[in-house]
Every structure is written in C-alpha cells, then in structure tokens.
Amino acid sequence: MHAWLERQIPKMVLAPSFVAILIFVYGFIGWTAWISLTRSKLLPKYDLYGLIQYRRLFAAPRWDTAMDNLFLFGALFIGIAMALGLLLAILLDQRIRAEGVLRTIYLYPMALSMIVTGTAWKWIMNPGLGIEAMVRSWGFESFSFNWVIDPDRAIYAVVIAGVWQASGFVMALFLAGLRSVDSEIIKAAQIDGIPGWRIYTAIILPSMAPIFLSAFIVLAHLAIKSFDLVVALTGGGPGYATDLPATYMYAMAFSRGDIGQAASSAMVMMGVVFAIVVPYLYSELRAKHV
Amino acid sequence: MSDFSAFSAAPRAVAAPARPGQIALRWLLFSLLGLFALFYLLPLFVMLTTSLKSLEEIRSGSLVSLPREVTFEAWRTAWSGACTGIQCEGLRPYFWNSVLLAVPAVLISTFLGAANGYIIAQWHFRGANLIFSAMLFGCFIPFQVVLLPMARMLGWMGLAGTIPGLIFAHVIYGIGFTTLFFRNFYVTIPSDLVKAAKVDGAGFFRIFWSIFLPLSLPIIVVTVIWQFTQIWNDFLFGVSFSQAGTQPVTVALNNIVNSTTGVKEYNVDMAAAIIAGLPTLLVYVVAGKYFIRGLTAGSVKG
Amino acid sequence: MPPILDIRNLNKNYGAVEILKEVNVSIDQGDFLVLVGPSGCGKSTLLNCIAGLEPISGGSISIGGRDMTRVSPRDRDIAMVFQSYALYPTMTVAKNITFGMKVRGVDAATQTRKLDEVARQLQIEPLLNRRPGQLSGGQRQRVAMGRALVRDPKLFLFDEPLSNLDAKLRVSMRSEIKKLHQNLGATMVYVTHDQIEAMTLATKIVVMKGGEVQQIGTPAEIYNHPANLFVADFMGSPAMNLIPARTQRSGQGLQIEITRPEGAPMVLQSPLAQDLPENVILGLRPEDIIEAGARNGPAVQAAQCRVDLVEPAGADTYVVSELGGKQVTARLHAETKAQPGAMLDLAFDLAKVSFFAPDSGERLN
C-alpha cells in the first residue's frame, strides 16, 4: 500500500498544473467559444444564438481592414525577416572575426519590449522631426517619409519596426542551423570541387528545411499576436488603418464593451494560429513519440 | 560582451582562400555587415542621444546628431515626473510594480516548470505525454482567447486590478513554456539516475532536491531569463488586468508616450523607453548565451 | 534455509505486450546468477522487477524469505550497479557513496567508517573529493561498485555494468568482480548480453529469449548440454556447429549421415543408445572437431572434409568446411598444415554431441 501511495506522488504533484491548464486554457477557450455564439454585449449572456457574432464580425469593415492588415503585415514581416535573417546568418558564417559582437548587435532588439520598439520607431519615423526632417535638412527638400501618419502606408511602418525587432532572432536560428550541418559532408563537397555558393544552395540550405519551418511558425505566431507594437507605434491608426485582429479584439473587449465581438474575433484569431501551428506540433510530437 | 557558446561550433571553411577577387568580396561582406549593424544600432543611438538633448535642441537639430549640451533633465522627468494620464509620478512606481510582479511570477513559474518537467521526463506514467501535449498546445494559443474569461475570473477571485492577479495570470500562462524547457532538459538525463536513487532509498522529493535541482542550473538560468523577458516586456496582460496604480512599466511607458496633455516631450519619451527596456537589455548583455538558448528552445521544440 | 531470491511465475506486460512470461528462478546465499540473452530478451526488465523499479503484472518475488512483490526498492535490501553507472553528477565521489546511508539516517561516524572501508577495498581513496565528470570510465565503474558495496545488502544487482568499458578494462574489471564475489560471499544477480561474461562469472546462468527462460543451469550444463537450438547457438564463441543430419539405428549405436557438397554423404557412428527421429540437427562445438588422431576415444570418428577457409587466430587455427549445407568450423592446432581447397582428415568427438529436433529446436539426447 505504501509503495502504491509512493507511485501516486508524481501524479499528485503534476495535477495542480494540469488542472490549471485544463481550466485556464481549455476551459477558457470553451467559455470564449460559447460567448462567441451568444448575443453578449456589455455582459455575458449564455443563451446560444448561432453564428450571429461571426456574421456581424465579417460584415464589419473595421474587421475587414484588420484581417487584410494581418495578411499584408504577416506576409511582409515573415518574408522580410526570414530573408534578412538568412542573409545575415550566411554573411556571419564566413569566418568573421567580429562575429560575436555583430551577433550581439543584430539580436538585441529581441530582448526589448515591443512597446519600447514601437516608441523608438515612432520617434524615428516622426515626419516633423525624424528621418524625413533629417533628410530634408540635408538639402532634399521634397523628401517625404510620413508612413506612420499615412493611412495607406502606416502598416508598412509597422513592418519596418517588426522586422527590426525579430530579424536578429531569425538570424540566430539560421546561424545555429548552418553550424549544425555535418562538416564532413561539406568537406566532401569541397573535395569534389563544388564552389562555395553551390554548397550553400545545394547542400546546406536544403538540410535546414526544419529550421525554415520553425522560423516561419515563430514569426507567424508573432505576427498574429502582434498587439503591443501597433499600440505603441500607431495606436491602430490613423483611423483604423493599422488595426490588427489583436487590437480589434482588445478594443471590442475593453473600450467598446462588445464582448460578443471580442469573443468571436478571438476565436477567429485562434483558428488562424491553429491552422498554422497544429499541423506543425502534430508532426513534431508524432516524430518524437513514435 | 555576451558569450555565445551556442554558436561556437568549429568554424567551417566554406570561404575560399584569398585571391584578389576574393579580397574585394571580403570588403563587400564587411561593408554589408557594418551597414546592417548600423541599422540595428540606429534606434538605440537615436533614443540615447534624444534622451540627452533639451527639447529646443531636438526641434532645431537633426535626428542623428550628438547632443551639443548633455542634460539628464529628461531622465529625471521620465523617472519621477512624467505624466501617465492624470498622475505625474514618472515611471518609478510602475517600474517597481514590474519588479514586484516579475520576480514572484518568474520564481513560481520556474519552480512549477521544474517540478512538472521532472515528473514528465523522469516519472513516466500513463497519460504523461498527453498532459505534456496539452500543456504544449497551451503555449501557442493567442492570449486574446483567454483574455475575457481571465478578467472575469480575476474579478471573481478578488484579484482584479491587483499585482497578485497579474502574477497569477503570468504564472498560469507561463507554465507551458517552463515545463517544456525543463522537460526537454531532464529528458536527456538517463533514467538510471532516478533508479539508482530509488535503490539508495530516496523518494520523489528527495531525488528532486538532492539530485535534479543541483544539476539544473543552466536550464534554470535559461528559464528565468526567458520568463523574466516575457513578463517584463508583457503589455497585453498588463493593460488588460491592471488599473491605475498597479500597471506595469510597459503600460506606463505607453501612457506617457501617448498622453495627449501638454507639450510632446520626445526626450522624456526616449528616456522612459530606455528605462523600461534597460532590465531586459542588461540581462541580454550579461547572459546572452542563455537568452539565445531560451529563444531557440522556445521555438525549435526539443 | 530458504532461497535468498525466489521468483515465482513472474509475468510482466506493457498493455497487451508480454515482456516476461512465467519466469521461475531461485538462488541461494552466495550464488552468482547471470541473466543472459540478446537485447530485448527481457533480462534488464527482470532485473528491474527484482529491484522493484518496475511493477510486475503477476507472480511473486521474495528476497531473504520475505515477500517483496509490492515492496518499494528502498525496503528490499538490495543495491544496484547500472550500465551508465548513474552516479549523481553534482555530488563528490564520497557523497555519491554515502548518499544512501544519509537518506536512511545512518549516523555520520558510521558513514565515514564504511566509506573508508569501501574506498580502501576498491582503491578509490584519492578520488573521494572528485566529481563523476572528472573520472575516467573505469574509475566511475569503481565508484558505482562502491556505492553498492557500502550498503552491504542481501542482494547485489548488476545491469550490464561493464558494457561501457573498453575491451581490456572490461576483462580486468570482470575478474575483479569475480574476486569481490568470492571474498564477500555475497549474492549477486548480473545482467549481460555477453555470453563470455556469463560463463566466466556465473555460478548459475539463466538464458533468456523473448521474455521466456530458455534454460537455467551451471555454466558447464549450459555449455555442454544446451536445452535447445537457441541456447546452443547463443552460448559459446565461435558458436556451436549446428548441422542437419539423418540418423538411423545401427546395432547398438546410431548411424549419422551428413551431406557434403560433392561425393557421397559423410557417415559417422555414434554410441548413443537412444532412439532419435530420422531428421535431426547435430550440434558439435568447434573444439570437438579436431585433427584426426589428436584425440582418442570410442566416440571419436574421423572423416575426410574439404577445407574452404583457414582462419589463424593465434593460439588456434579455425578451419571452415561445408557439411550438411552449413559452414562448419573446426578448431585445430595453430601449426596445422590445412590449405584452402585441399582435403583434410577431421575427427568428430561424438561424446560431446547434442541432438536437436529441427522443428521445435528442443534437445533430444
């Protein structure tokens, strides 16, 4: 009996965390899902009314903008950060003496809060006193760089700040990947007389496919959750020009008092995240446990 | 600077030996690397110089010029005088809020992660993998989906708008990652160790305290840094679950920058931004190696 | 006196998979029991069950006359040495050795005395303040032994303790373990996949395959009278020759016919009085196939064989010839004149022969 009790200890210690996850993750997702199917407004109501909130959501022009922004921002952010990160990693992989210092410089933005990043870039891109003013003071009077206040361009300003923050991280991932390629294969290729750039394109990069996937997942995840950056940089504006689903959800939940909209937009966000992450996690877990 | 042993694999000889063309390429390489370094350093440089200028100098001078006259006035204001809405106490109280919130949240979530990881990796039982998967999926949800019920739950628990409430939220949603870190670390330790200790007569807790915790220092550092960076930099929970007086530093910074009253003091904004970013930046500079390990562990699973 | 370890009808399943099937083993005080078999045969699982590290699905285990089936490892009065040594990485050698005593609340003076004793016995005194990471493989092995010895248990368990050492160290540690066993008079259960280790160390061997005990016996019994084809093939190196043959009663004895690649089948006369089925597998160890005239006796039969391969191995020379469609190895003197392709007169010592049924694999004689 004593031995039996002893075998239960690990389960008992793990149980509180597991129960907490069950309630605060899965239970809460369930609650939000339920609310998204009701006519809750300022306070939650629990009578189901079908897909009314989703119909309202997809009819709202502001949500439309938010989703368009998400895909535009996501595509540019992921694409540029990956390209830049890969380029930096390959450049750094050329036996550079100052590699340690450069790596530190490229990566430090990742340690900062997105609020700090947003604040800094908001100042730099400030049309009156930032880059625009600086370039004009050099004599290029007609130079214009007012993206943060231009409704059509503001989302690109968010992309710049986002790329600045995250590309160093992609660099770190890729660099670790480049270094983990079996050096004997590369030696063999060199002996075969294959030129350096071909070694990259034909041998090293293809073997890094899993890292591309990881980087993509992380960046996509960051893009969908992006909230702080937009809040600090543009506040979602001008108007709703840089609204993302995350800011839309927040506005509905805490300033508009429209819980139903908040819940349904959160569910759509989760749908997008899971459409990307679940297949990845599934394959990872399968590969590990089978 | 930071020591990145994560990258210190033997240097590989992809670069060909030096020939005239190669030397030109080498120069191109260095100028590219230098340009990118400028791109990453520019915002930090601009923040720093702006924070040391007076408002007049900011209006008259250029974005990238060094301050003609260095003044710490903006730093003083940012720390103890800037207005976040109606209150004008600077960042200081909010900075301490962040400290008061981050320290316990980091410690608790790290400890829970260590215990969970130890159990999942070393005390195999039916369903352990299912539990781990459930926790792992929890790492990936967009927090928006739990924001509303969490706000209600905190209210129901009497923790709405309090620092303990924020600590609670950060601990709950940090468990997934901390468990993942420790589990992946403990999985690499041969299970014979637990067996040997069992035969020696040690029980579950004794084995954890005497054998596993002492050898976990590296992963504890990685986890603490990861959690600290996450929690210190958090904005979403801070803005959703706090109220005037209990807000963390990120929320206060955003309020200072976006407060519409009075003259826009860019130098104060920048000083405040640096103050808010300093703790995590410091951690990065001191322990960059562990920071990167956390980043890669958090993204490349296993 | 009851057996020191008594395993009865032990079963172990993981879900529907049977890992151990109806295992019955018992040993007495001072025995050295070796569990041997190929990887995946269940020998390590059996050891873990004895230690109480794995719950069993059926049957019982008693140690020192006490039923231990549901008792936790700490209360079984056992000590264990692991394949990976499993030294606690953050503790010094001294702390590693005394950890068990500390956990059990043994007083400090006794701890020190026992530590000194064991350290002297294993000659690890200079290592006591080092950590496992600073030790060589052989030194770790000694510390792991020390951790077990200091406990002075009823039963020592060894889980492939030598398999991580290089070949030379393995041989010397092997004899040290043997000496230790003789000096202490302790009872030991030892798991290995190495049949030579099994033969040299054991007073009793359990050969296992697929979770089932194939044979239990002294090393000599296992070697000379393997219970089935698996044991015959697994124990001994080079392996026992297993040659398909036809038998036929002839007078008092048995006439054995073995095909050769060319010419008439080889015919041997065995004095065996027992009746055998017509088709059998004849098992004969290489050292029982020798140069004609090298050994005398009523059961030694000579026959001419063609040499396919000559393998000098220092002390002996192995000669391979095809018989009954199998490569048959004979163990000759190092100075043999055997040449590949030539014919050679070989003697078959049928006093040592084993016969097996081709279908069931069971021993017939």
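Of the 365 residues in chain C, 43% count as buried, and do keep in mind, everyone, that this is a predicted model. In secondary structure terms, chain C has 8 helices and 21 strands. Its C-alpha atoms fill a box of roughly 80 × 45 × 35 Å along the principal axes. As for contacts with a separation of 6 or more, 64% of them in chain C come from residues 24 or more positions apart.

Now let me take you to one strand, β7 of chain C, residues 155-159. Is this strand buried or exposed? Well, 5 of its 5 residues are buried, so β7(C) is largely enclosed by the rest of the structure. If you look at which way the residues point, C:Leu155, C:Leu157 and C:Asp159 go one way, while C:Phe156 and C:Phe158 go the other way. Both sets are buried, C:Asp159 included.

So who are the neighbours in the sheet? On β6(C), residues 78-81, we have parallel pairing with β7(C) over 4 bridges. To find that pairing on your screen, look for C:Met80, whose bridge partner in β7(C) is C:Leu157.

β7(C) is also joined by 4 bridges to β8(C), residues 188-192, and these two strands run parallel as well. Here the pair to look for is C:Phe156 opposite C:Met188 of β8(C).

Key:
Residues are numbered from 1 along each chain as its sequence is written. Chains are lettered from A and ligands numbered from 1 in the order in which they are written. This is a predicted model: local features need pLDDT of at least 70, side-chain atom pairs count only at pLDDT 80 or more; totals for chains, interfaces and linings use all residues. A residue is buried if 20 or more other C-beta atoms lie within 10 Å of its own, exposed if 12 or fewer, and partly exposed in between; C-beta atoms are placed from the backbone. Two residues are in contact if their C-beta atoms, placed from the backbone, lie within 7 Å. Two strands pair if DSSP finds at least two bridges between them.
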